[in-house]
Amino acid sequence: MTGLTAIQKVVSRKTGRPRVEVGEIVEAKVDFLMLHEVTGPLAVEEFEKISGKVWDPSRVIVVFDHDVPPSTIDLASQMRRMRSFVKKHGISNFFEIGRGGIAHQVLFEEGFDVPGCLIVGADSHTCTAGATGAVGIGVGSTDAAVVLATGEIWLRVPETMLVEIKGRLRKGVFAKDVALSIVGKIGSNGATYKTIEYSGETVSLMSLSERLTLANLSVETGAKTGIVQTDSKSIEYAECYGKCGGLLEVRSDPDADLERIEMDVSNLEPVVSLPHSVDNVKPVAEVEGLEIDQAFLGSCTNGRLDDLLVASRILKGRRIAPNVRLVVSPASVKVYAEALKTGIIEEIVRAGGIVTSPTCGACLGMSRGVLAEGEVAVSSSNRNFIGRMGDKKSRVFLASPATVAASAVEGKITDPRRLLA
Amino acid sequence: MKIRGRIIRLGDNVDTDVIIPARYLVTHDAEVLAKHVFEDYYPEFRAKASGGAIIVAGENFGLGSSREHAVIALKHSGVKAIVAKSFARIFYRNSINLGLPVLVIREAEGLDRLRDGDEAELDVANGVLTIIKTGEKFSCDKMPEFIMKIIEAGGLINYFLKKNG
Ligand code: SF4
């Protein structure tokens, strides 16, 4: 019998069987379910058709993040609906406006992303939880409704694509550049239904924050989830929290049946994803000098403290170009508070940037930084589809926080290496 | 289970942001969502789909966000089934969960012969798409038995009620 892949190991545990096979459809037990104010209300409505009782309120997490605080009456009403659901069922893991942030960041910060846990979220970037070896699966509202009622979900055990990354990153090149390059290499359809498992020395050297960026972009290849193989860093994280009895070693056996991809990033340059697809990845050099209207620093991909810090290092003592606005949305209230304390926010504001409440907002063109017709944005987020950040004739270039900050200073797409001291 | 409708041809990588932009995610009212389906990208879509349509698309249909709103908008516009070379997984699940048949058509079937506006019939259980006028048949992968049960029940909620009711 061949060895098991990491995802097979996790799903086996969650079905209570010694071994599940790739391609099998199984019903698995869920450790945590996440809902937010956009997909949550529909999930609650569907749930109420089938049950009056949440399977386990302590395992349900409700976060407000997409448009916080709400900018329309409709969204305010959706939030009110979610609050009454939370109250009715006694859900204590509820992150109200001003107390949480972007869901995937909140899950990480609050210690839910325990290695080997199965986390289902009514949001496609739930795969971010893979940074610490948890299995995060994004679903729609109806799936979430059934999980609310039963604590179980039907899953097809996915194939695994093991991505081994080698080489040390050069100055000015970041985890985001690696993640975008992987999407460029695999393609937006290249890992559909599969699990991407990340391994190799480059990944070992990455901080957990950088691994969140890596895992976050997994879904842009069509993958069901992305898992960073666990090591001492993720185990240390788990030990701090230990919210559920996780499986600490999350990695495939050497003889498991899987597809392997190798990448050497030692010569990688800063990259951008050109509109309108995430896999349209090119070196920054190819589009350098293209004028921009807005620079956006934030999202579940790159709105963390280290992202804001690298941007503030570039902004320090400089001014943003007059033709550009820089919108910064910290990924969470904790990130915001820490950035205030360390003076990062001050550097951003002094340079002419505006800092919003922690929210998705601009990332999905919902609020706080929506683009007008013909406008160009460089963004640290994860999607650049037609109309993603606003008007259908706006264009979004995805890049690292450093490239975003450097471009804001120059008023055009800029290689950050020129501005990094 | 047989479905009839006019074919609407779409290309590769049709994402959920173009099916229903985020500015309409403030509601899950099916009528409102259907009104704005493909608004930026294919404004005539709704008119074409009303009265029953079968989408025939290329690779990676429905990539992007987990918004079930996309499936609701399509269904309520008149889409009865989607046949594509491949589907993005969350969209695929969402469709099944809402009882919308989604079938993978085999590469070699020569999609060019399926033309926009042709009246067609889809035999869901057997995975056969027939053009009414010419009688020409195209085969799709059959859906796994478990998924077929959900589709036949009319979606996951109904399946659940049936199973537990
Ligand atoms: S920041 Fe953007 S990608 Fe992340 S959860 Fe929010 S809307 Fe989705």
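**Entry 1: salt bridges overall**

I began with charged pairs, and the count over all chains came to 36 salt bridges. This is a predicted model, so I kept in mind that side-chain atom pairs count only at pLDDT 80 or more.

I looked up A:Lys334 and A:Glu110 and found their side chains joined in a salt bridge, 3.2 Å from N to O. A:Lys334 sits in helix H11 (residues 333–341) of chain A, while A:Glu110 is in the loop between helix H4 (103–109) and strand S5 (118–121) of that chain, so the pair ties together parts 224 residues apart in sequence. I then asked how accessible the two partners are. A:Lys334 has 46% relative accessibility and counts as partly exposed. A:Glu110, at 24%, is partly exposed too.

Next I went to A:Glu220 and A:Arg383, whose side chains form a salt bridge at 3.1 Å, N to O. I noted that A:Glu220 lies in the loop between helix H8 (208–216) and strand S10 (225–228) of chain A, and A:Arg383 in the loop between strand S17 (376–379) and strand S18 (395–398) of chain A, so this bridge ties together parts that are 163 residues apart in sequence.

**Entry 2: a strand pair in chain B, and a network**

In chain B I picked B:Glu119 and B:Arg4, a salt bridge whose closest N and O atoms are 3.7 Å apart. B:Glu119 belongs to strand S5 (residues 119–123) of chain B and B:Arg4 to strand S1 (residues 2–9) of chain B, which puts the partners 115 residues apart. B:Glu119 is partly exposed, with a relative accessible area of 28%. For B:Arg4 I read 45%, again partly exposed. I also wrote down one network made by salt bridges that share partners: A:Lys14, A:Asp31, A:Asp56 and A:Arg59.

**Entry 3: where the chains meet**

I turned to the interface and asked how many residues each chain puts into the contact. Chain B gives 42 residues and chain A gives 45 residues. The area buried between the two chains is about 3600 Å², with 61% of it from carbon and sulfur atoms. On the chain B side, B:Arg89, B:Arg93 and B:Ile157 lose the most area to chain A, together 20% of what that side buries.

For charges across the interface, I found two salt bridges. One that I checked joins A:Asp143 to B:Arg93, with the closest N and O atoms 2.7 Å apart. I also counted 16 residue pairs in polar contact between chain B and chain A.

Which helices of chain B supply at least two residues each to the side touching chain A? My list reads H1 (16–19), H4 (69–77), H5 (89–97), H6 (145–153) and H7 (156–164). H5(B) makes the largest contribution to that side, with seven residues. By type, the residues of chain B that touch chain A split into 21 nonpolar, 11 polar and 10 charged.

**Entry 4: helix H5 of chain A**

A:Asp143 sent me to its helix. H5(A), residues 141–150, has nine of its 10 residues buried, so the helix is largely enclosed by the rest of the structure. Among the buried ones are A:Ser141, A:Thr142 and A:Asp143 itself, along with A:Val146, A:Val147 and A:Leu148. After the helix I came to A:Gly151, which has a positive phi, near 75°.

**Entry 5: nonpolar cores**

I then looked at the largest nonpolar core, which holds 115 residues. Which residues touch the most other members? They are B:Leu10, B:Phe38, B:Phe45, B:Phe61, B:Leu74 and B:Ile82. A second, separate core has 39 residues, including A:Ile165, A:Ile261, A:Met263 and A:Met389.

**Entry 6: A:Thr225**

My last stop was A:Thr225, in strand S10 of chain A. At 0% relative accessibility A:Thr225 counts as buried. What does its side chain reach at 2.8 Å? I found the backbone oxygen of A:Gly136 there. Not counting residues up to four places away in sequence, A:Thr225 touches, among others, A:Ile7, A:Cys127, A:Ile137, A:Lys194, A:Ile196 and A:Ser218.

Note on methods
Residues are numbered from 1 along each chain as its sequence is written. Chains are lettered from A and ligands numbered from 1 in the order in which they are written. This is a predicted model: local features need pLDDT of at least 70, side-chain atom pairs count only at pLDDT 80 or more; totals for chains, interfaces and linings use all residues. Side-chain values use heavy atoms; hydrogens and water are left out. Contact means heavy atoms within 4.5 Å. Buried area is the accessible area (1.4 Å probe) that two parts lose on being put together, summed over both. A salt bridge is a side-chain nitrogen of Lys or Arg within 4 Å of a carboxyl oxygen of Asp or Glu. A polar contact is a pair of N or O atoms within 3.5 Å; within protein, one must be able to donate a hydrogen and the other to accept it, and residues adjacent in sequence count only if both atoms are side-chain atoms. Helices (H or I, at least four residues) and strands (E, at least two) are DSSP runs, numbered from the N terminus. Ala, Val, Leu, Ile, Met, Phe, Trp, Tyr, Cys and Pro count as nonpolar, Asp, Glu, Lys and Arg as charged, and the others, Gly among them, as polar. Buried means under 20% relative accessible area, exposed over 50%, partly exposed in between (1.4 Å probe, protein chains only). A nonpolar core is a set of buried Ala, Val, Leu, Ile, Met, Phe, Trp, Tyr and Cys residues joined through side-chain atoms within 4.5 Å.
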